[in-house]
Each structure stands twice: as structure tokens, then as C-alpha cells.
Amino acid sequence: MMRRAALAVLLVAALCSSGIAYDACIVPDASGLTPEDVSRLENLDTSRTRGLGAAMRADNAADRAVVAELFEPGLAPVEPDLLVGTYQCRTIKMGNMLPLVVYQWFRCEISATPAGFAIRKLTGSQNFSGTLMPAGSGYAYRGALSYGYEDDVTLYDTDAARDQVGCLSAVTKGNRHFVLELPFPKVESFHDVIELRPAGR
């Protein structure tokens, strides 16, 4: 266990110095975020570091490899022309109740709207929906949690316990492979990540 902890410290340090923290996501003007969520987005780096520190101590080597493969190369700017489409997506929860949980794949979509882009998780027991706003070289997310048994989605700022804020970045430049980071989620974990890949991959 001590050896794994030491390796975790080294790997987290390497990940956090590998170019992850490019200039996304700044808080957009007129973001409509509550002061609490502005603070969560501004402290995304802290949330990520705390989550990675827990994740790299997890017993499951395959799950640790999933996290390393997402973050080790360093995140890249988002190319907006690549956003719209249907995706397979999975949630990765890091820290707090468990060191690391990598869930199975579900279905998400990103669509164009008159105001920009909308993102929604369509299948699974815990879903979400919200908007994506240009923020530096990434896209800031403002949305809310909903449940699979509910007929309607929950809108941001209608139930503070369900409000989410995050940052969408590209895993590899020029490809439709993204991560939506949700800093300081209100339940279960230190840091959540939604991985999105093109549907059918």
C-alpha cells in the first residue's frame, strides 16, 4: 500500500504538470452561475488534483489506466465544429466514498441551439443536461442532475442540490474525444469526469 501511495503521488504530480491546465475554463461573462458554482469552476484544478490523488490509489489497475490515459497526454482545446453529435459516455468518480469508480457506457448527445450548445446524458439511472458556453479554449458547462425515472429534466438553479458546473476539454486535438470535468460534486466524490467518445466506436 505504501508503494502504491508513493507511485500515486509521483503520477499525480506528472499528470498535473503535463499540460492539463491550459487556459480553459475561465468563467464566462454573463454565465448565470451562482457564486458557489463560480467558486467551484475557479477551483477546478484543486478538485482535479484531489480526485486524481484518490484515484491513483485505487486497487483496480484497469480503472487507474483509464484515468491515466485521459489525463496523462494533457488536455487540448475544443474545436467547436466537432462538438455536435451522439456519443457513448461514461462517468468516472474519483475520491471520497470510494477511491475510483468507472461506470459502464451510456448515451449522450451534444446539439446546437440558438444560444450555443446543449449537452444531455440520455440513458442510465443518473442523467444530466445543460448548456456549454465558450470559456477560454474549452467550454464551461452549466447544468443539473436528473434521474432516469423522471419524465422531465431538472433545470439549473431550480434545485441547488442538483446544480452542476464543469469544463469540457478535448482529450486529443482534432478528434471527437472529450472530457467534461465536474469539480467538487455535491455527493459521492471529490471530482467527477464524463468521458465522451463518438457513438459506435
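The model is predicted: local features need pLDDT of at least 70, side-chain atom pairs count only at pLDDT 80 or more, and totals for chains, interfaces and linings use all residues. Residues are numbered from 1 along each chain as its sequence is written, and side-chain values use heavy atoms, with hydrogens and water left out.

**Overall layout**

- The protein has four helices and nine strands. Helices (H or I, at least four residues) and strands (E, at least two) are DSSP runs, numbered from the N terminus.
- Along the sequence the pattern reads α-α-α-α-β-β-β-β-β-β-β-β-β.
- Of the 201 residues, 48% are buried. Buried means under 20% relative accessible area, exposed means over 50%, and partly exposed lies in between (1.4 Å probe, protein chains only).
- Take the contacts (heavy atoms within 4.5 Å) between residues at least 6 apart in sequence: 56% of them join residues at least 24 apart.
- The accessible surface is about 9,600 Å², and carbon and sulfur atoms hold 54% of it. Accessible areas come from the Shrake-Rupley method with a 1.4 Å probe; for residues, only the protein chains shown count as cover.

- β5 and β6 pair in the antiparallel sense over 10 bridges. Two strands pair if DSSP finds at least two bridges between them.
- L132 has Y141 in β6 as its bridge partner.
- The hairpin of β5 and β6 has two residues between the strands, and G136 there takes a positive phi near 70 degrees.
- β6 also runs antiparallel to β7 (residues 163-170), with six bridges joining them. Y141 stands opposite G166 in β7.
- Eight of the 10 residues of β6 (residues 138-147) are buried, so β6 is largely enclosed by the rest of the structure.

**N127**

- N127 is found in β5 (residues 126-135). N127 is buried, at 8% relative accessible area.
- Its side chain makes a polar contact of 3.2 Å with the side chain of K121. A polar contact is a pair of N or O atoms within 3.5 Å; within protein, one must be able to donate a hydrogen and the other to accept it, and residues adjacent in sequence count only if both atoms are side-chain atoms.
- The side chain of N127 also reaches the backbone oxygen of G124 at 3.3 Å.
- Leaving aside residues up to four places away in sequence, N127 touches residues including A144, L145 and S146.

**Salt bridges**

- The count comes to 10 salt bridges. Each is a side-chain nitrogen of Lys or Arg within 4 Å of a carboxyl oxygen of Asp or Glu.
- E181 bridges to R48, with the closest N and O atoms 2.8 Å apart. E181 lies in β8 and R48 in α3 (residues 44-55), so the pair ties together parts that are 133 residues apart in sequence.
- E181 is buried at 1% relative accessibility. R48 is buried at 5%.
- K93 and D192 meet in a salt bridge of 3.0 Å, N to O. This pair links β1 with β9, 99 residues apart.
- E188 forms a salt bridge with K93, at 3.2 Å between the closest N and O atoms.

**Positive phi angles**

- Most residues other than glycine have a negative phi.
- N96 has a positive phi near 75 degrees. N96 sits in the loop between β1 (85-95) and β2 (98-102).
- F184 has a positive phi near 45 degrees. F184 lies in the loop between β8 (178-183) and β9 (191-198).
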